[in-house]
2 protein chains.
Amino acid sequence: MPKLTFWFEFASTYSYLSAMRIEELAVKAGVEIAWKPFLLGPIFKAQGWDSSPFNLYPAKGKYMVRDIGRMAEARGLQFRLPEPFPQNGLHAARLALVGLEEGWGPEFVKGVYRAGFADGRDISEPAVLATELEVAGANAENAMARAQAPHIKEKLRANTGEAQAAGIFGAPSFTTSAGELFWGDDRLEQALVWSLR
Amino acid sequence: MPKLTFWFEFASTYSYLSAMRIEELAVKAGVEIAWKPFLLGPIFKAQGWDSSPFNLYPAKGKYMVRDIGRMAEARGLQFRLPEPFPQNGLHAARLALVGLEEGWGPEFVKGVYRAGFADGRDISEPAVLATELEVAGANAENAMARAQAPHIKEKLRANTGEAQAAGIFGAPSFTTSAGELFWGDDRLEQALVWSLR
């Protein structure tokens with residue numbers, strides 16, 4: 001089955017849009033999705049940014065909120081910008097890696113995105129993450145312990161390094177097996193088509 | 001007839017994609033297009049940028065070339081990045097304002113975009129602009145004299161100020177009569193739909 005890698009960051013607003021629809025689109029396209037959490041922080045830092053571009057460039061930030069508001073409404077999703085923005089998605093990303101090993105990854109990822117961007121909750125809070133773990137069918141206590149394992153921490157660092165090496169500079173991004181890179185929720189359909197080539 | 005304002009900058013690669021298809025889409029949608037050239041330079045400078053973000057952030061620049069290459073191929077367009085990039089579109093923008101008063105504006109705009117991004121020519125060169133003026137049906141000498149008129153220079157400054165006041169931070173952008181702002185060629189269809197609301 002053709003594969004498309006979905007690079008996402010929990011702080012990323014546009015990644016929320018993709019996470020909520022990628023499974024349905026992938027099934028229709030006959031493409032398998034490889035969910036790949038990574039961190040934008042180190043990539044932004046390498047570009048000289050100490051925050052989200054939506055904070056550094058206020059006109060862009062204001063536009064993003066309206067743009068996603070329009071898209072979310074059209075797709076039947078809620079959207080609000082959490083406070084503070086961007087959220088710290090480190091623990092959520094490590095937990096997602098555990099979930100991707102154990103089978104509850106995608107459900108957890110979607111739950112965390114909903115918590116942050118639909119409900120405006122702080123996704124760095126253990127209580128918020130514990131709720132989403134249980135909703136996704138995981139044992140919260142076990143998952144949180146496993147998320148501290150050295151191989152999980154290393155996996156997230158490696159994903160972030162791989163993203164940078166693949167030329168990724170934002171999220172969501174999508175890469176095909178042939179090495180085609182697509183950036184942004186609005187390129188998801190095109191990325192699926194290219195993964196069939 | 002509902003109206004959509006098309007904000008474009010001649011140095012902008014994604015504006016090229018929109019300029020080549022906006023007329024056909026607008027006719028189908030029953031929307032009138034107001035062509036509005038402006039300059040990104042002062043807007044980028046206000047954000048602390050002294051060049052195109054595609055130069056300042058090389059990963060983004062490399063991606064843009066591939067992304068537009070894919071889009072252009074799918075639409076039957078040629079695309080190459082001119083040298084140097086970004087081009088200086090000041091004179092082309094003033095000429096476009098003359099053309100929008102005299103009726104040959106859209107043809108000239110498309111010709112300049114093709115010269116820069118399909119043929120890789122330097123659109124700051126008078127000879128290149130003169131050719132595109134004649135192809136668009138204008139008298140090149142007269143148009144170039146008129147482009148130096150104070151009201152034309154002032155109009156371009158005013159457009160750029162209006163863009164900034166409207167929250168525009170990149171090109172292409174689209175604004176509806178109700179004040180909705182859309183950024184990027186991939187929002188053109190959505191902008192047309194919203195201009196009918």
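These legends walk you through close-up views of a predicted model.

**View 1. Four strands of chain B line up in an open sheet.** Reading across, the strands come in the order 2-1-3-4, and their pairing is mixed. At the edges you will find strand 2 (32-37) and strand 4 (181-183) of chain B, each pairing on one side only. Neighbouring strands are turned by 20 degrees against each other on average, direction ignored.

**View 2. Strand 3 of chain B meets strand 4 of chain B.** Here, strand 3 (residues 173-176) and strand 4 of chain B pair in the antiparallel sense, over three bridges. Look for B:Phe174, which stands opposite B:Phe182 in strand 4 of chain B.

**View 3. Helix 2 of chain B packs on the sheet.** This helix (residues 22-29) touches strand 1 (3-8), strand 2 and strand 3 of chain B. Its direction makes about 150 degrees with that of strand 2 of chain B.

**View 4. Chain B and chain A come into contact.** Each chain brings residues to the contact: 21 from chain B and 21 from chain A. The area buried between them is about 2200 Å², with carbon and sulfur atoms giving 52% of it. On the chain B side, B:Tyr63, B:Arg70 and B:Arg187 lose the most area to chain A, together 28% of what that side buries.

**View 5. Salt bridges cross the interface of chain B and chain A.** There are eight of them, including one between B:Asp67 and A:Arg187, whose closest N and O atoms are 2.8 Å apart. Helix 5 (58-74) of chain B gives the most to the side that touches chain A, with seven residues. By class, that side of chain B has 11 nonpolar, three polar and seven charged residues.

Terms used
Residues are numbered from 1 along each chain as its sequence is written. Chains are lettered from A and ligands numbered from 1 in the order in which they are written. This is a predicted model: local features need pLDDT of at least 70, side-chain atom pairs count only at pLDDT 80 or more; totals for chains, interfaces and linings use all residues. Side-chain values use heavy atoms; hydrogens and water are left out. Two strands pair if DSSP finds at least two bridges between them. Helices (H or I, at least four residues) and strands (E, at least two) are DSSP runs, numbered from the N terminus. Axes are lines fitted to C-alpha atoms, for helices over the stretch in contact, and angles run from 0 to 180 degrees between N-to-C directions. Contact means heavy atoms within 4.5 Å. Buried area is the accessible area (1.4 Å probe) that two parts lose on being put together, summed over both. A salt bridge is a side-chain nitrogen of Lys or Arg within 4 Å of a carboxyl oxygen of Asp or Glu. Ala, Val, Leu, Ile, Met, Phe, Trp, Tyr, Cys and Pro count as nonpolar, Asp, Glu, Lys and Arg as charged, and the others, Gly among them, as polar.
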